Structures are given as structure tokens and as C-alpha cells.
Amino acid sequence: MLGLDWEEVVDRHSDCGGGGSRQDWDESIDGSQFYGRVEELAQLGQWVGCDRCRLIILSGMGGIGKTLLSVKFAEQLESQFEFVLRRSLRRAPSLSELLHECNTVLGQPPATPPHDPLGHLLDTLRQYRCLVILDDVETILCSGQLAGQYQLNYQDYHDLFRRLGQESHQSCVVVITREKLRELTSLTGHNLPVRDFQLGGLDLNAAKQVLAIKGFDISARGTHDFIQLYRGHPLALKLMANTIREIFGGHIDEFLSQSTLVLGDIMPGIFYQQLQRLSESESIIINWIALANRPITLRQLRQYLRFSALSTSQIVAALESLKRRSLLEVIPSDVGSLCFSLEPVLIKYIIGQLIEKLCHEIEQFTRYGTLSEQSALRIYCLVENPQQAPETARPWIINKLTNQFLFSTTTPEDFNKTLKALQHQLQMKPSQEVGYCLTNLACLFSTE
């Protein structure tokens with residue numbers, strides 16, 4: 001009646017090992033160092049088993065544990081699927097290459113290449129219950145633009161993910177990415193077959209397990225503060241545990257007493273990769289949030305950005321994009337409005353980069369007398385309230401900037417001379433062109 005070959009059906013059942021799943025992983029991933037994530041696994045299990053979701057977007061910062069979670073997720077749920085297929089897009093395969101691999105592995109591959117490979121894949125996902133994991137999806141997305149936009153040669157992936165989310169099938173596709181796909185946000189919902197799962201840091205008990213396996217006494221003083229400082233980020237905890245053991249003799253409290261946030265030698269590389277992908281508007285906004293060094297409202301952000309030429313719609317779009325990149329923390333305020341903040345380790349990295357940029361601009365301005373429209377000296381303010389400068393200066397960045405610039409000059413007198421020359425040139429320019437420059441110089445003078 002269904003037009004199926006009964007011998008083929010029997011052979012297919014046999015291939016599954018009498019109820020097991022046939023698996024094809026492009027990489028062998030070690031899942032032995034997996035801790036906690038009980039609630040996350042339960043939530044994913046609910047979505048797949050009971051809610052029968054057909055597409056799940058699993059997003060989060062680099063190193064947060066997305067890939068490892070997908071391994072455990074697949075291990076626990078493999079009995080519910082006939083096929084389990086995992087592919088990384090790290091090498092940015094074309095859509096035709098990816099579809100060819102999927103169609104070759106899943107179900108019965110066609111004798112001849114299908115005229116419509118994507119349609120053939122969807123037919124397979126309807127016929128068989130498959131779990132398809134697509135990792136490192138951010139590789140095919142653009143840098144320098146708002147999050148979730150495809151590179152020129154990969155725009156046909158839009159049809160893949162759109163049809164996987166919109167068309168009915170009995171399988172589940174998990175998309176793992178550092179930034180969410182923009183066109184899928186409208187398809188997600190609590191009661192819809194497309195769900196969005198943003199992975200955060202480990203809970204306290206799981207984070208303690210990470211430290212315990214590194215040989216730390218998890219009852220030692222400062223352990224809780226250390227975990228909170230790095231927001232339970234598993235990679236950061238592992239890296240800084242090595243630093244604490246090798247430099248501070250394994251004493252977490254001594255490490256915290258240094259009153260500085262250490263990034264190590266790997267975290268800056270992760271942050272660099274993610275921040276390099278930001279659009280110009282996102283970069284300006286994330287720098288301002290880091291400068292504030294505390295949660296700020298949209299209204300406060302708009303006031304800070306008055307010399308950046310960003311409209312309210314551009315600010316909102318950039319905030320949404322930063323949220324899709326898992327970089328932004330959104331916190332309810334006491335008065336009911338939302339506040340925006342960043343992780344402490346990310347703030348430290350951004351401020352370090354901003355200080356270097358400001359020092360370079362001061363040197364270039366005194367040498368050539370030019371100030372670009374996007375100059376950091378013009379756009380960013382080193383005081384909390386420009387009307388009360390320098391009394392409301394941000395000392396934690398002023399001191400760092402002064403020390404670094406003094407280090408690059410011969411004497412404090414040279415530093416003071418440079419600032420005065422810069423101030424004299426700026427006093428002759430229109431206020432909109434000058435921006436925050438004169439206010440910033442007043443703060444730097446006040447440190448002398």
C-alpha cells in the first residue's frame with residue numbers, strides 16, 4: 001500500500017542494530033570531562049522527546065561548552081533516533097558539499113545524485129527519525145556586520161535552515177553557533193517546533209568539580225568568589241586554575257587579593273576572534289558598556305553615545321545583535337527597565353584594547369594634527385559626568401591610560417607638553433567635531 005520494498009525495510013531495521021542508531025561523527029570528541037548541566041540536558045530532552053522540536057539553536061560564547069553538551073545530549077537520546085549525524089562547518093563547506101554528505105549517510109542514498117538535494121534531505125528527515133548536529137555554524141557568517149548574516153558564497157544556507165525550521169519532519173536538527181542566525185529568531189518560541197537555547201556558565205557545584213579535578217580544595221576560601229568572577233565559564237576556570245597553581249601556589253585567595261582580573265594567554269585570543277566579528281555600531285556600544293563598568297540602561301547608553309552619530313534604531317539593532325552573539329548580559333533593574341552589562345573578564349579585555357587605541361591616537365594627533373570621525377578620543381568619555389569633569393573621572397581607566405602613556409614617553413614633562421599641545425589645537429575646533437576630547441584631556445591633566 002505504501003509502495004515500499006519490504007526487503008529494504010528489513011535491511012534498514014537490521015542496520016540499526018535492532019533498535020539502536022547508526023551514527024556518523026566527523027570528529028571524535030572526548031566527553032569524559034563533562035560536569036553538571038543536568039537542567040540543560042533535561043530541557044533539551046524535553047524539547048526533543050516530548051515537544052518533538054525539529055530545530056534547536058544552541059548558542060553561547062566560545063569555550064562555554066556547547067560542543068561537549070551536544071555530545072552528552074546525543075548519547076542520552078540516541079535510542080530515540082535511527083540515525084545520528086554530526087558535522088562541523090569549521091572548514092566552511094559549500095551547501096552542496098554538506099547536502100551530499102548528509103544524503104550519503106542518512107537513509108538509503110540515491111543511485112544517482114538527486115535533482116533537488118535539499119528536498120531529498122527533507123524527505124529523508126520525514127521518513128526516518130534522525131538527529132543531525134551542525135557545529136561551528138558561525139564560520140559561514142559575516143564579520144563586520146550585525147550578527148547572523150551569511151557570507152556572500154554561503155547565502156544558500158539560508159534556505160537550508162529556513163526549510164528545516166518551517167517544513168514538517170520527524171527529525172531534530174541542532175545548530176551550534178557562537179552567534180544566532182538572524183532569520184531563525186522569528187521562528188522560535190516556547191510552544192513552537194523551533195527553539196532557542198543560549199548556554200551560560202556552569203552552576204556552582206559543577207564549577208567546583210572542574211576545580212576539584214584540577215587538584216584544588218573546593219572548600220578553600222575564595223573559591224565561590226573565583227567562580228563568580230569568571231561567571232562559571234568552564235574554559236576560563238580551567239585556564240586560570242593552571243595559572244593559580246603555577247604562579248600562586250594553588251592559593252585562590254592569594255590570587256584574588258591581587259585586585260586584578262587575570263585573562264591568561266588563551267582567553268584574549270577567544271575574545272579577539274569574537275570582537276573582530278562585530279559591526280562598527282556594536283564595537284562602539286560594547287566599548288561604552290565596558291567603560292561604564294556597571295549595568296546601564298538604554299537611556300544612559302543613548303546619552304553616552306551623543307557624539308557617535310548612531311540613531312536609536314541603530315542602537316537597538318546593535319544591542320539585539322550583541323545579544324545574538326552571547327556577549328551581552330541583560331539584567332532587570334529595580335525600576336523595571338532593563339540594564340545591559342558584560343562579563344568582568346570581557347570588560348577587562350575591552351578596556352585593555354581601548355587604552356592601547358587611545359594612547360596611539362594621542363601620539364598620532366600630536367604628530368599629524370588629525371582626528372578621525374570615529375576617533376576613540378572623540379567618541380568615548382573618561383568621566384562619568386562630563387559636566388563635572390574631572391571630579392567624576394573613571395580612575396580605574398585614567399590611571400591605566402596615564403601609566404601606559406608615560407611608559408611610552410621619556411618624562412612626565414613630555415607627557416604634559418603633549419597633552420597641552422593637543423588641547424590647544426582642539427580648542428579651535430567645533431564642539432561636535434571635538435566630542436569628548438577636551439573633557440578627556442582635562443582628566444589626564446588632573447592626574448599630574
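The points below are grouped by topic. This is a predicted model, in which local features need pLDDT of at least 70 and side-chain atom pairs count only at pLDDT 80 or more, while totals for chains, interfaces and linings use all residues. Residues are numbered from 1 along each chain as its sequence is written, and side-chain values use heavy atoms, with hydrogens and water left out.

**Helix packing**
- Helix 5 (residues 117-127) packs with helix 6 (residues 157-166) at an angle of about 25°, and their axes are 11 Å apart, which makes the two helices roughly parallel (angles under 35 degrees).
- In contact (heavy atoms within 4.5 Å), L118, G119, L121, L122 and L125 of helix 5 meet D159, L160, R163 and L164 of helix 6.
- By class, this contact of helix 5 with helix 6 has 6 nonpolar, 1 polar and 2 charged residues (nonpolar: Ala, Val, Leu, Ile, Met, Phe, Trp, Tyr, Cys and Pro; charged: Asp, Glu, Lys and Arg; polar: the others, Gly among them).

**Positive phi**
- A309, although not a glycine, has a positive phi of about 65°, and at 62% relative accessibility A309 counts as exposed (over 50% relative accessible area, 1.4 Å probe, protein chains only).
- S326, also other than glycine, has a positive phi near 65°, but S326 is buried at a relative accessible area of 8% (under 20%).

Notes. Axes fitted to C-alpha atoms, helices over the stretch in contact; angles between N-to-C directions. Helix = DSSP H or I, 4+ residues; strand = E, 2+ residues; numbered from the N terminus. Parallel < 35°, antiparallel > 145°, perpendicular 65-115°, else oblique.
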